[in-house]
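Colleague: I have a model open and would like to go through it with you. Can we start with the aromatic rings?

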Amino acid sequence: MENLPREPAPAKGKTPVKYTHVAAVHPRQRTSCLSHDSEQSPSFLGFRNLMVIVLVVMNLRLVVENFMKYGVLICISCHDYRRIDILLSTMLYALVPCHLFVAYIIELGAAQHAKGALGRLKRSDYDPNHDLFEESRSFQATWYTIAWAHGINATFCLLVTTYVVYYHIHHPMIGSICQVHAIIVWLKNCSYAFTNRDLRHAYLNPSSATTLPEIYSQCPYPRNVTISNLAYFWWAPTLVYQPIYPRSPSIRWLFVAKRLAECFALSMFIWLASAQYAAPVLRNSLDKIKTLDVASIIERLMKLSTISLIIWLAGFFAVFQSVLNALAELMRFGDREFYTDWWNSPSVGTYWRTWNKPVYHFMRRHIYSPLVGRGFSSGFASTMVFVFSGLLHELLVGIPTHNILGVAFVGMMVQLPMIYFTAPLEKMQGINGRVVGNCIFWISFCLVGQPLAALMYFFAWQAKYGSVSRLEKG
C-alpha cells in the first residue's frame, strides 16, 4: 500500500472541483488533417525523419552486403599512376602561365594602339566627319587582329592539352584534371578578350562609357591591363573577367583550413565509395551490356543511381562549397554565390541556371546575351549555349577516357526538350506544378543522366584498356 501513488494535494487557496463525465469532446465540425478540406496543412517532419532513417538503414545494409560479397576493394598501390602521367600533367600546368603572358602581351599592344587612337582624336585639327570614320575602321581592323591572336593563343593551349591527354596520359583522373584546367583557362581567355574589347571601345568613345558598371571606375581601362590583374583573374573563382571585383577585407585562415579539411575528407569519401561500391556495380554490368539484356541493364542503372548520386553530391559540395570558398578566401574574392538552392528546382531549366553559377554567368554574358542582342530568338540562343556546353562536356569526359562516344554531347542536347517540357510546370498556380517539376528533374538526374553516361564510358574504357587497376590486369 505504501508504493501506491498518492492523490495530489489540492493547491492552497483553491477548492477542489469534482470531475463530471459530461465534457464535450466533439464541440464542432472538424476534418481529418490529411483531407483536402482541412483548414491547416499538417507538418510532415516526422515522415521526413522516417525516410531519412529508412535511407540510412537501407544503405547500411548495402554496405554490409558489399563487404560480405567483395571484401575490402580499396588499394592505394593498385592504381596505375604512371610516372609519365604525372610528368606530363605538371608540364601542361606549367605551360598555362606562358599562354596567359601571351594574352597579356596581346592586350598590352591593343591598349597602346587605343592610347594612340585617343590621342589622334584629341588633336586640334580633328575632322569629325572624316577622322571618326577612319578611327572606326581602324578599331574594327585592330579588333579582328586581336581576336585572331587571342583565339589562336587560347585554342592552341586547349589543343595541346587535349592532344597530350588523349594520346599520352593514360590515367583518366589525371587526364580529367588537366582537361578541366585547360578548359577553364580557355574560357577565361575568351572572357578576357571580349571584355577588354568592349572596355577599349568605351575608352575610345567616352559617351558610351556611361553604360559601364560603376565598380569599373575603380580600375578604368587601360589601367587594368597588367600582369597582376590577369594573374588574379587566373586564380579567381570565376570565368567572367572584370577589371575589378568586390573584395573581402582580410583572409580568415581558420575558414580556409576548415574548407580544405572538408575537401580532403570528401575526396577520401568519394575515392572509397567509387572503389568499394561503384566499381563492382560497373564491372558486373559489362556482360549485361554485351548481351543487351535490357531488364538487367535497367536494374544496374537503378542500383548505380544511388551511389552515383551520393558521389556527385559529395563532389558538388567539395568543389562548390569547399574548394571555391577556400580559393575565394585566399584571393579575397567577395562574390561567393557559386550556386543557389538548385535541389528545389521546379524545372530542369532552373537547375541549369542555379547549380553552377560560374559557368552560367559565362554562358549568359558571352553567348546568350550577345546572340539575343543581335536579333536571334531566346530559343536559338539557348540552343547554342547547350551545343557549346555539350562540346565542352564531351571534351571533358571523352578525352580523358580516350573514347569520343558523343554520349556527353547528346546528354546535354536532350536537356533542351526537357527544359521546354518542364518550364510550364514552374509557372503553374499553386505548389503542385513545382512539385511535379522537381520530381521530373530528380528522376532524370538520378536514373537517366549520370548512371547511363557512367555505364557507357566505363564499358568503352574496359573494352579498350581493361582496367586502371594493376591487380585486375594480372
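Colleague: How many aromatic pairs does the structure hold?

Modeller: The structure, which is a predicted model, holds 36 aromatic pairs.

Colleague: Take F316 and W342. What kind of pair is that?

Modeller: Edge-to-face, because the ring planes of F316 and W342 stand at 80 degrees, and over 60 counts as edge-to-face. The ring centres are 5.3 Å apart.

Colleague: And where in the chain do the two sit?

Modeller: F316 is in helix 8, residues 294-331. W342 is in the loop between helix 8 and helix 9. The two are 26 residues apart, and the pair links distant parts of the chain.

Colleague: Are F316 and W342 buried or exposed?

Modeller: Both F316 and W342 are buried. For W342 the relative accessibility is 2%, so W342 falls under the 20% limit for buried.

Colleague: What about W342 and W442, how is that pair classed?

Modeller: As tilted, because the planes of W342 and W442 are at 50 degrees, which lies between the limits of 30 and 60. Their ring centres are 5.7 Å apart.

Colleague: Which parts of the chain does that pair tie together?

Modeller: W342 belongs to the loop between helix 8 and helix 9, and W442 to helix 13, so the pair joins parts 100 residues apart in sequence. W442 has a relative accessible area of 22% and is therefore partly exposed.

Colleague: Where is the kink in helix 13 centred?

Modeller: On F445, and the kink is about 35 degrees.

Colleague: New topic. What volume does the second largest pocket have?

Modeller: About 580 Å³. The pocket is lined by 23 residues, and the closest to its centre are F194, R365, H366, I367 and P370.

Colleague: Which helix gives the largest share of that lining?

Modeller: Helix 10, with nine residues. Helix 4 (172-204) and helix 10 (357-373) each supply at least two residues of the lining.

Colleague: And the lining by class, how many of each?

Modeller: There are 14 nonpolar, four polar and five charged residues in the lining of the second largest pocket.

Colleague: Last one, the whole chain. How many helices and strands?

Modeller: The protein chain has 14 helices and zero strands. Of its 474 residues, 39% count as buried.

Terms used
Residues numbered from 1 in each chain as written. Predicted model: local features only at pLDDT ≥ 70, side-chain atom pairs only at ≥ 80, totals over all residues. Heavy atoms only, no water. 1 Å grid on protein atoms, 1.4 Å probe; cavity = no way out; pocket = protein on both sides within 12 Å on 5 of 7 lines; lining within 4 Å. Points joined across faces, edges and corners; volume = space filled by probe spheres on them. Helix = DSSP H or I, 4+ residues; strand = E, 2+ residues; numbered from the N terminus. Nonpolar A, V, L, I, M, F, W, Y, C, P; charged D, E, K, R; others polar. Bend = angle between axes of the 7 residues up to and from the residue. Phe/Tyr/Trp six-rings, centres within 6.5 Å; stacked < 30°, edge-to-face > 60°. Buried < 20%, exposed > 50% of the residue type's maximum accessible area, 1.4 Å probe, protein only.
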